[in-house]
Amino acid sequence: QVQLVESGGGLVQAGGSLRLSCTASGRTFSSLSMVWFRQAPGKERVFVGKISRSGSSTVYEDSVKGRFTISRDNAKNTVYLQMNSLVPDDTAAYYCGASNYFTDRIPAYWGQGTQVTVSS
C-alpha cells in the first residue's frame with residue numbers, strides 16, 4: 001500500500017507562485033510514476049500532469065503548459081508541482097497520485113489533497 005501526503009497549498013494572488021509537495025511511503029518511490037490532478041468546486045477531478053519514474057518524461061495538460069513544472073527527488077520520495085503565473089481558474093484542490101505505469105490514466109493511489117486558492 002502506498003501512502004501519499006501533499007503539502008504546500010494556500011492562498012496566493014493572481015500572478016503569484018506556489019510549490020506543492022507530495023511525499024510517498026510504503027513502496028520504493030522510484031518504481032512509481034507520479035501524477036497531479038485537481039478538482040475545482042462542483043467540477044470533476046481532472047489531469048494536470050505526470051512524471052515518469054526516473055523523471056525523464058513529463059506530460060502536462062494544455063492549460064498549464066509553460067506555467068507548471070513537475071519534478072521529483074527519488075532520494076526524498078517526493079514529487080513537486082511548481083506553479084507559476086497562477087490565475088483564479090487554477091483554484092482547486094490538488095491531488096497527487098501514484099501509478100504503476102506511466103501510461104496509466106488513473107492512479108492506483110491518491111493523496112488527501114491540498115487546497116490552492118488564487119485571488120484576483
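**Close-up views of a predicted model**

Phe47 is partly exposed, with 28% of relative accessible area; like the rest of what is described here, this value comes from a predicted model.

**View 1. An edge-to-face pair formed by Phe37 and Phe47.** A pair of aromatic rings is described by the distance of the centres and the angle of the planes. A search of the whole structure finds three aromatic pairs, and in one of them, that of Phe37 and Phe47, the ring centres are 5.9 Å apart while the planes stand at 85°, so the arrangement is edge-to-face. Phe37, at 6% relative accessibility, counts as buried, whereas Phe47 is partly exposed.

View 2. Phe37, Phe47, Tyr95 and Trp110 form one aromatic cluster.

**View 3. The disulfide between Cys22 and Cys96.** A disulfide is a covalent bond between the sulfur atoms of two cysteines. One disulfide is found in a search of the whole structure, and it joins Cys22 to Cys96 with an S to S distance of 1.9 Å. Cys22 lies in strand S3 (residues 18-25) and Cys96 in strand S9 (residues 92-99), so the pair ties together parts that are 74 residues apart in sequence. The torsion about the S-S bond is about 40°, which means that the disulfide is right-handed. Both Cys22 and Cys96 are buried.

**View 4. An open sheet of four strands, with the order S1-S3-S8-S7 and antiparallel pairing.** The edge strands, each pairing on one side only, are strand S1 (3-7) and strand S7 (68-73), and the twist from one strand to the next averages 15°. Strand S3 and strand S8 (residues 78-83) run antiparallel and are joined by six bridges; Leu20 has Leu81 in S8 as its bridge partner.

View 5. Most residues other than glycine have a negative phi. Asn77, although not a glycine, has a positive phi of about 55°; Asn77 is found in the loop between S7 and S8, and at 29% relative accessibility Asn77 counts as partly exposed. Ser85, again not a glycine, has a positive phi of about 50°; Ser85 is found in the loop between S8 and S9 and is partly exposed, with a relative accessible area of 41%.

**View 6. The surroundings of Gln115.** Gln115 is found in strand S11 (residues 114-119) and counts as partly exposed, at 41% relative accessibility. With neighbours within four places in sequence left aside, Gln115 is in contact with Gly9, Gly10, Thr91, Ala92 and Ala93. A polar atom of the Gln115 side chain lies 3.4 Å from the backbone oxygen of Ala92, and the side chain of Gln115 also makes a polar contact with that of Thr117, at 3.5 Å. Between Gln115 and Trp36, which are 79 residues apart in sequence, the C-alpha to C-alpha distance is 13 Å.

Terms used
Residues are numbered from 1 along each chain as its sequence is written. This is a predicted model: local features need pLDDT of at least 70, side-chain atom pairs count only at pLDDT 80 or more; totals for chains, interfaces and linings use all residues. Side-chain values use heavy atoms; hydrogens and water are left out. A disulfide is a pair of cysteine sulfur atoms within 2.5 Å. Helices (H or I, at least four residues) and strands (E, at least two) are DSSP runs, numbered from the N terminus. Buried means under 20% relative accessible area, exposed over 50%, partly exposed in between (1.4 Å probe, protein chains only). Contact means heavy atoms within 4.5 Å. A polar contact is a pair of N or O atoms within 3.5 Å; within protein, one must be able to donate a hydrogen and the other to accept it, and residues adjacent in sequence count only if both atoms are side-chain atoms. Two strands pair if DSSP finds at least two bridges between them. Axes are lines fitted to C-alpha atoms, for helices over the stretch in contact, and angles run from 0 to 180 degrees between N-to-C directions. Rings of Phe, Tyr and Trp (its six-membered ring) pair if their centres lie within 6.5 Å; planes under 30 degrees apart count as stacked, over 60 as edge-to-face and the rest as tilted.
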